[in-house]
Structures are given as C-alpha cells and as structure tokens.
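Hello,

Here is the structure you are taking over. Please open it first, then read the notes below.

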Amino acid sequence: MADMMMIHDLGTRTLDLLDRLAAITDEPGRITRLYLSPAHRRAADQVSDWMRDRGLDVTEDAIGTVRGFLAPAAPGPQANRRLLIGSHIDTVIDAGKYDGNLGVVAGLMVVEELRARGIALPFGLEVLAFGDEEGVRFPSSLSSSAAVSGTYRGEWLDTADRNGVKLRDALRAHGGDPARIREAVIPPGSVIGYVELHIEQGPVLEHQGEPLGVVTSIAGQSRFRILITGEAGHAGTVPMGLRRDAFAALAELATFIERATREGTANLVATIGRVDVKPGATNVIPSEVEATLDIRASADAPRLAAIERIRYEADQIAQRRGVKIRFERFADVPTCPMNEDLQTGLAAAVASLGESTRRLPSGAGHDAMAMARAFPSAMLFVRSRGGISHNPAEFTSVTDLGLAVEAMIRFVAGMAARHAA
C-alpha cells in the first residue's frame, strides 16, 4: 500500500517541475511551445539542466530529442541494454501543462527517487524528451520519436510551416543537423522497452473513480485534406437551387461524418478540425473549401470501413450539388497494440499501490506509437479532470500525480529485480 504523505510529496515535486516548464512559452499569457520554436529551445535547455542535476549524462540528437542516460550500477549480462522512459515537450497552441510534459518530468522523478532509495539497476535507464509529437507547426507528427525508432521520413524535412519556414531550416536554427538524423536511432536489440506516462485525455478513469489505467492499444488514425471546388457567385442574386456552394457541400458531408461515426464500433471518432473558405467574402458564395479530417478507432477494420463510407457519400454529395470533392491522405497510422509483458509489469506496480488495474485503449496518438515500431512499448494513464486536454483547463491532482510517479518507480524497480535474477 502507498504511504499517502510520500505520495503527496512526490506529486508536489512533480507539479513544481510542470509549473516551471509551463512558464516557458512563445506566447505570454498562455502555453504555446511549438516544435523548434524559441520556447522549445529554452525548454530543451531547461530539461537538459534538470537531467544533469540528477546525475544523467545528457546529449541532444540531430532532430532535437533531449536524452539523459543513467548507466547501470555494475557490469553484468544486462549492462548493455536500457529501459527508455519519455514523452514530448512540444505543445499545441494555448495548451495545458500536463500533456506530454508529465511523461518527461516523471522520468526525471523516477531517476531522482531511484537514487534516493538506493535502487540499483542492472541495465541502463534513458529519459527522452521528444520534440514533435503534436504535429502543429509542420505536417510531421511524431517525427522526433520516429527518428529514435529508425522510422523518420526524409521528406518531412522539406515541409514548411504557415510562414514558409522549412523544417530543415528550423532544425538547423535549433541546433540540429538534418544530415545526421539517422544517427539518432537506438538499436532495437539494446532496448528492454519504452514506457510513457501520460494524462488520459479522456473521461474513463474519472468516470470509474480510478486514478491509473494501463493502456492496451493506441487507436489507429487517418488524416485527410478535403478539397471542395464549386463556383463563386453573388450572395443576393443566385437562387439556392442553382448554387454550387463549396461550403454547403462540406456542411452536408460533415453531418454525414458525424452520423456515420456515431453508428460505428471500436471507439470510432472523426473530427473536422480546420476549415479554410475562399474567397472568404460576406457577399460571395464560397467557391473553394479546404478542410482537414481526422478519423480514429481502436481497431483498423471499423476505421477503414468508415473511410470508404465517407468517400462514397462525398461522391453522392458532389453529384447532387455540382461540385468536386477530393481527398488527400497525409497520415495513416494503424492501430498500435501495447506490449503484453510491459502491461503486466505496469499493472503489478499499480496493484502494489492498492489501486485497481484498469486497462483501456487510447484514442489519442502518442510517441509510444512510433517507438512501438522498433521496441516493446507500453503506457500508463493517469486520471485527468473531465478528460480535458489540449486546453489550459487540463488538470490532474497532486495525489494522482504522486500515485502515477510512484507506480512508475515501482515498475522500474520490478524490472530491475526481474533482470537481475
């Protein structure tokens, strides 16, 4: 069972680091820390300092991931292997302070407590602070963790942000090196596993009255640009029945998408998150619309079936309304199951705290998706109030923070005992 005074102290110290990281932003008054921005640079430097303070050997790879390494306690059969703990320090625009950052801070707290408690590790421990999980600035989500797992896509370097800045140029300005990204790869055979602590970003744990949950899988997701072309016309003179209104076509399609996903299975969800209407004048019928579609599910078949239904309905709408509708897929990630052995280890750590070992899927994407392509990977969720995320209202209590960090400590200690045997 957990000592609640110790748990509260762990949570308080964790929150202090989260607060200090939250103060690093590109926009005063709210948390905005996009990949390779000046605030990202300052946050990376701060995390590096915290790693050194805890006795870690610190490096930063060519893509901007900050890496702190704790060497094994002594030579042995596992001394050339390492356990990875991490998450990301980039944020969305106007973010909360827990998403991603908690996983990095938790790794620091684990190291601090292992040293304080005299827990020796027969393997190395590496804390990773990734930089491009959110995919907000460039169209390249998970690129930082993809580089570590050996799945980085070189074409991402030539993508640009809304200001026309290419990723490769932003990376150089940050201190990275586009030509050396392949050197960021960690050999799979050297890794015991990757573990990530994250707020749930959903209401399940709160609804169940449980602080912690072990993730079973991460939802597969597909992302599209929807391009609709109609015809501009005078808003006052073209009769409704003769219009080729691009935005009205999108509205009809959006209504169908909502209905189709409500009828779906496997936690199917879809979101039209961005819409650009042209020419964008009050008295002109829209001639062009560009929108984004994000569709996810905890199994691949329902997601792919929904996409086909949406495409079919888009064709019908286009014919009825005299417009053209085109889909451009720019991301497609299959459902990602988490490693069973690591799930078992996390569940045992949670149970040792006297808590229920709830298991649940993740509807959100995480660095663990990229890491799982090369390494055994697992995630632990901690309860977040209202399931709110990507929002300044993100909140996890000090007690829940402490329980989550303590579970991670016990998980690592359990792994150490197993591999020392």
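**Helices H7 and H8**

H7 passes H8 in a right-handed crossing. A caution before going further: this is a predicted model.

H7 covers residues 246-262 and H8 covers residues 300-321. Their axes lie 10 Å apart, and the packing angle is about 150°. Angles over 145 degrees count as roughly antiparallel, so H7 is roughly antiparallel to H8.

Which residues of H7 and H8 meet? From H7 come Ala 248, Ala 249, Glu 252, Leu 253, Phe 256, Ile 257 and Ala 260. From H8 come Arg 309, Ile 310, Glu 313, Ala 314, Ile 317, Arg 320 and Arg 321. In this contact, nine residues are nonpolar, five are charged and no residue is polar.

**Helix H2**

H2 runs over residues 38-53, which makes 16 residues. At 1.5 Å a residue it should span 22 Å.

Which residues of H2 are buried? They are Ala 39, His 40, Ala 43, Ala 44, Val 47, Ser 48, Trp 50 and Met 51. These buried residues pack against three helices you can look up by number: H1 (4-22), H3 (101-117) and H5 (167-174). They also pack against strands S1 (57-60), S2 (66-70) and S4 (124-130).

Gly 55 follows H2. Its phi is positive, near 85°.

**Glu 134**

Glu 134 sits in the loop between S4 and helix H4 (143-149). Is Glu 134 buried or exposed? Its relative accessibility is 11%. Buried means under 20%, so Glu 134 counts as buried.

Leaving out residues up to four places away in sequence, Glu 134 touches His 88, Asp 90, Thr 91, Val 92, Asp 99, Ser 141 and His 390. Leu 353 is 219 residues from Glu 134 along the chain. Their C-alpha atoms are separated by 32 Å.

**Arg 358**

Arg 358 belongs to strand S12 (residues 358-362). With 26% relative accessibility, Arg 358 counts as partly exposed.

What does Arg 358 contact, leaving aside neighbours within four places in sequence? The partners are Leu 205, Gln 208, Glu 210, Leu 212, Gly 213 and Val 214. Take Glu 210, one of these partners. Arg 358 and Glu 210 are 148 residues apart in sequence. In space they are 7.8 Å apart, C-alpha to C-alpha.

Best wishes

Technical notes
Residues numbered from 1 in each chain as written. Predicted model: local features only at pLDDT ≥ 70, side-chain atom pairs only at ≥ 80, totals over all residues. Heavy atoms only, no water. Helix = DSSP H or I, 4+ residues; strand = E, 2+ residues; numbered from the N terminus. Expected span 1.5 Å × (residues − 1). Buried < 20%, exposed > 50% of the residue type's maximum accessible area, 1.4 Å probe, protein only. Contact = heavy atoms within 4.5 Å. Axes fitted to C-alpha atoms, helices over the stretch in contact; angles between N-to-C directions. Parallel < 35°, antiparallel > 145°, perpendicular 65-115°, else oblique. Left-handed = near helix turned anticlockwise from the far one by under 90°. Nonpolar A, V, L, I, M, F, W, Y, C, P; charged D, E, K, R; others polar.
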